[in-house]
Amino acid sequence: MKFYIISAERFNLSVEDNNVRTFGLIKEMLRLGLSFTAVKGVYKGTAEKSFIVFAHGMPDGWIMATMRGLDQESILAVGDNMDASLVYADGSIESIGTFQHHKGALDSLEAYTLVAGQAFVCA
């Protein structure tokens with residue numbers, strides 16, 4: 001995989017709790033020396049502080065353990081050819097197309113990622 005998109009936030013937690021979880025994820029990624037970028041993710045219509053985390057240098061099993069530890073339903077995995085998959089906590093994988101730039105309106109979309117003001121979707 002080329003990169004993953006993950007969030008520490010949970011819809012059922014307070015802003016303060018989500019901030020603590022997000023800060024903890026940032027600290028762990030910095031401790032491991034991972035390359036990452038903060039983005040805005042929208043999943044099932046809910047916006048979250050999210051991160052693109054590049055796979056290079058990532059310890060084996062770290063992303064799955066982190067996803068499970070944060071009680072996330074899934075993460076987005078994007079391969080070298082921009083092939084996108086949802087990876088679920090149970091280990092199952094669902095191919096969802098390619099990660100690509102989106103130029104249209106975002107209002108009707110249930111899932112997208114904003115990277116430096118540019119929208120990306122899986123289609």
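These questions and answers walk through a predicted model.

Visitor: What kind of model is this, and how are residues numbered?
Guide: The model is predicted: local features need pLDDT of at least 70, side-chain atom pairs count only at pLDDT 80 or more, and totals for chains, interfaces and linings use all residues. Side-chain values use heavy atoms, leaving out hydrogens and water, and residues are numbered along each chain as its sequence is written, from 1.

Visitor: How many aromatic pairs does a search of the whole structure find?
Guide: Rings of Phe, Tyr and Trp (its six-membered ring) pair if their centres lie within 6.5 Å; planes under 30 degrees apart count as stacked, over 60 as edge-to-face and the rest as tilted. By that rule, the search of the whole structure gives a total of 4.

Visitor: What is the angle between the planes of Phe-36 and Phe-51?
Guide: Helices (H or I, at least four residues) and strands (E, at least two) are DSSP runs, numbered from the N terminus. Phe-36 lies in strand β2 and Phe-51 in strand β3, 15 residues apart. Their rings are 5.9 Å apart, centre to centre, and edge-to-face, with an angle between the planes of 80 degrees.

Visitor: Is Phe-51 buried or exposed?
Guide: Buried means under 20% relative accessible area, exposed over 50%, and partly exposed in between (1.4 Å probe, protein chains only). Phe-36 has 24% and is partly exposed. Phe-51 has a relative accessible area of 4%, so Phe-51 is buried.

Visitor: Which backbone oxygen does the side chain of Ser-7 reach?
Guide: Ser-7 sits in strand β1 and is buried, at a relative accessible area of 4%. Contact means heavy atoms within 4.5 Å. Leaving aside neighbours within four places in sequence, Ser-7 is in contact with residues including Leu-25, Glu-48 and Lys-49. At 2.8 Å, the side chain of Ser-7 reaches the backbone oxygen of Lys-49.

Methods
Polar contact = N/O pair within 3.5 Å; in protein donor to acceptor, adjacent residues only side chain to side chain.
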